[in-house]
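Q: I have a protein model open and would like to learn how to read it. Could you take me through some features one by one?

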Amino acid sequence: MTSKMLPFLALACSLAVAQTSQNSSGSVEVGPKARAIQESALVVDTHADTPQRFLDDGFDIGSTDPNDAGHISLDKAKRGNLGAEFFSIWVDPQTNQGHFARHTFDLIDSVYEQAAHHPDRMMMAFSPADIERAHREHKLAALMGIEGGHSIENDMHLLRDYYRLGVRYMTLSWSNTNEWADSSGDINDPKVEHHNGLTDFGKQVVLEMNRLGMMVDISHVADKTFWDAIATTKAPVIASHSSARALVNAPRNMTDEMLQAVAKNGGVVQVNFFNGFIDENFRKAVEAQSKDQAAAVQQYLDDMKAQGKPVNYIEVDRIEREWMAKIPRPPLKSLIDHIDHIAKVAGVDHVGLGSDFDGVSGATPTGIDSAADLPKITQALLDRGYSADDIKKILGGNLMRVFREVERVSQQMQVTASK
């Protein structure tokens with residue numbers, strides 16, 4: 001999305017079992033057992049960038065356009081039995097200088113407007129109880145997570161305002177280091193002033209998030225920022241959309257030591273579906289074309305600036321999709337390998353789904369073209385020997401557990417502070 005890919009680009013089961021659910025083309029066929037598990041599960045995805053489409057393209061989540069290339073719509077969510085989606089509130093720091101908060105509010109408003117237009121199929125949700133109520137009413141629970149601590153403009157009052165408006169997690173940094181948290185996206189850039197992790201203010205932000213009941217998200221942060229957050233937080237953390245660095249050497253992914261630390265903390269790692277984070281060959285191919293792709297996007301940005309026009313996410317996404325389409329998509333196995341690895345290293349209680357839908361320029365593994373394809377993940381996990389109960393944990397149960405614990409810690413902190 002609007003230069004969301006650029007920081008990444010700049011950085012540099014047995015066969016017999018598998019055959020049970022794959023046809024000759026390698027795509028997954030969802031069987032009755034997997035379908036039954038999917039339909040009985042509460043499926044929670046923690047990261048979709050669809051608000052950019054709401055705001056910049058006038059996209060209606062109720063769209064039934066058969067040519068829509070997007071990952072999320074109400075119909076697609078229903079077909080995949082997606083019960084809750086955390087919509088990403090992401091403000092491009094490059095094109096929103098001087099008004100991060102204003103654009104944050106605009107994106108938040110765009111999510112509310114979609115729910116208001118489709119009250120029979122979608123509702124705003126602010127708690128695990130709300131998610132469960134939406135599920136009972138057969139509605140998509142819409143939640144929000146801010147992607148990048150720069151949105152608070154170094155102001156704790158804004159953090160509290162965002163919480164009051166329904167934001168239930170915040171990624172401490174995006175791919176840009178802000179004034180209080182180092183990012184993995186520019187950690188090796190000598191031109192960027194770094195802090196060696198979290199500043200004192202950054203640690204206060206983490207504790208205030210704990211007090212409010214806002215989940216601390218450590219996707220995108222530099223390694224030292226991760227360790228500072230783990231040492232500071234009083235509640236479990238989440239990685240809203242991160243995969244395993246042991247399998248793909250991307251700085252956005254998490255080392256095994258980090259995975260184990262999240263497990264010890266009681267948190268959860270929500271696996272990112274982006275091909276560049278789940279397949280090493282794809283990552284290398286993206287890196288090889290990164291300068292040319294970045295130049296194509298920059299040309300568009302320069303043209304818009306010269307014409308005095310605002311940058312449109314949809315146009316940037318179109319450019320990035322053209323470049324991503326040049327690289328063969330990896331198989332679904334690549335994604336499942338990351339879920340499996342994290343389940344083995346951190347434990348099956350500490351892994352979930354953080355798709356990054358609508359934020360990766362279409363670069364998802366073969367067979368995962370939208371939320372409608374989520375049952376294929378269930379089938380693939382079933383093929384690897386995962387039980388129905390463990391699959392339901394991965395699909396959403398683990399995130400719900402963490403969300404409840406974050407609420408409990410918040411209540412406890414507020415009671416203690418009032419004494």
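This is a predicted model: local features need pLDDT of at least 70, side-chain atom pairs count only at pLDDT 80 or more; totals for chains, interfaces and linings use all residues.

Q: Is lysine 224 buried, partly exposed or exposed?
A: Lysine 224 also belongs to helix 10. Its relative accessibility is 36%, so lysine 224 counts as partly exposed. If we set aside neighbours within four places in sequence, lysine 224 is in contact with Asn196 and Gly197.

Q: How far is the C-alpha atom of lysine 224 from that of aspartate 182?
A: The two C-alpha atoms are separated by 7.8 Å, while the residues are 42 apart along the chain.

Q: Now for another lysine. Where is lysine 376 found, and is it buried or exposed?
A: Lysine 376 sits in helix 17 (residues 374–383). With a relative accessibility of 18%, lysine 376 counts as buried, because the cut-off for that class is under 20%. Not counting residues up to four places away in sequence, lysine 376 touches Val28, Val30, Leu332, Gly367 and Ile368.

Q: How many residues are in the largest nonpolar core?
A: To read a core, follow the buried nonpolar side chains that join up with one another. The largest one here has 85 residues, and Leu172, Ile218, Ile339 and Ile377 have the most contacts inside it. There is also a second, separate core of 22 residues, with Ala134, Val402, Val406 and Val409 among them.

Q: How many salt bridges does the structure hold?
A: The structure holds 26. One of them joins aspartate 75 to arginine 121, with the closest N and O atoms 2.7 Å apart. Aspartate 75 is in helix 5 and arginine 121 is in the loop between helix 6 (100–117) and strand 3 (122–124), so this pair ties together parts that are 46 residues apart in sequence. Both partners are partly exposed: aspartate 75 at 25% relative accessibility, and arginine 121 at 27%.

Q: Where do arginine 408 and glutamate 405 lie?
A: Both are in helix 18 (residues 388–418), again three residues apart, or about one turn. Arginine 408 is partly exposed at 40% relative accessibility, and glutamate 405 is partly exposed at 27%. Elsewhere, salt bridges that share partners join Lys333, Asp337, Asp340, Lys344 and Arg384 into one network.

Q: How can I see where empty space is left?
A: Rolling a probe the size of a water molecule over the atoms shows it. In this model, the second largest pocket has a volume of about 340 Å³. It is lined by 14 residues, and Lys78, Asn81, Leu82, His138 and Lys139 are the closest to its centre.

Q: Which element gives the most to the lining of that second largest pocket?
A: Helix 5 does, with three residues. Helix 5 (74–79), strand 2 (82–89) and helix 7 (128–136) each supply at least two. Sorted by class, the lining of this pocket has five nonpolar, four polar and five charged residues.

Q: Which residues lie nearest the centre of the second largest cavity?
A: Ile218, Val221, Arg252, Asn253 and Met254 do, out of 13 lining residues. The space in this cavity is about 60 Å³. Its lining divides into six nonpolar, four polar and three charged residues.

Note on methods:
Residues are numbered from 1 along each chain as its sequence is written. Side-chain values use heavy atoms; hydrogens and water are left out. A nonpolar core is a set of buried Ala, Val, Leu, Ile, Met, Phe, Trp, Tyr and Cys residues joined through side-chain atoms within 4.5 Å. Buried means under 20% relative accessible area, exposed over 50%, partly exposed in between (1.4 Å probe, protein chains only). On a 1 Å grid over the protein atoms alone, a cavity is a set of points where a 1.4 Å probe fits but cannot get out, and a pocket is an open set with protein on both sides within 12 Å along at least five of seven lines; lining residues have an atom within 4 Å of a point. Grid points are joined across faces, edges and corners, and a volume is the space filled by probe spheres set on the points. Helices (H or I, at least four residues) and strands (E, at least two) are DSSP runs, numbered from the N terminus. Ala, Val, Leu, Ile, Met, Phe, Trp, Tyr, Cys and Pro count as nonpolar, Asp, Glu, Lys and Arg as charged, and the others, Gly among them, as polar. A salt bridge is a side-chain nitrogen of Lys or Arg within 4 Å of a carboxyl oxygen of Asp or Glu. Contact means heavy atoms within 4.5 Å.
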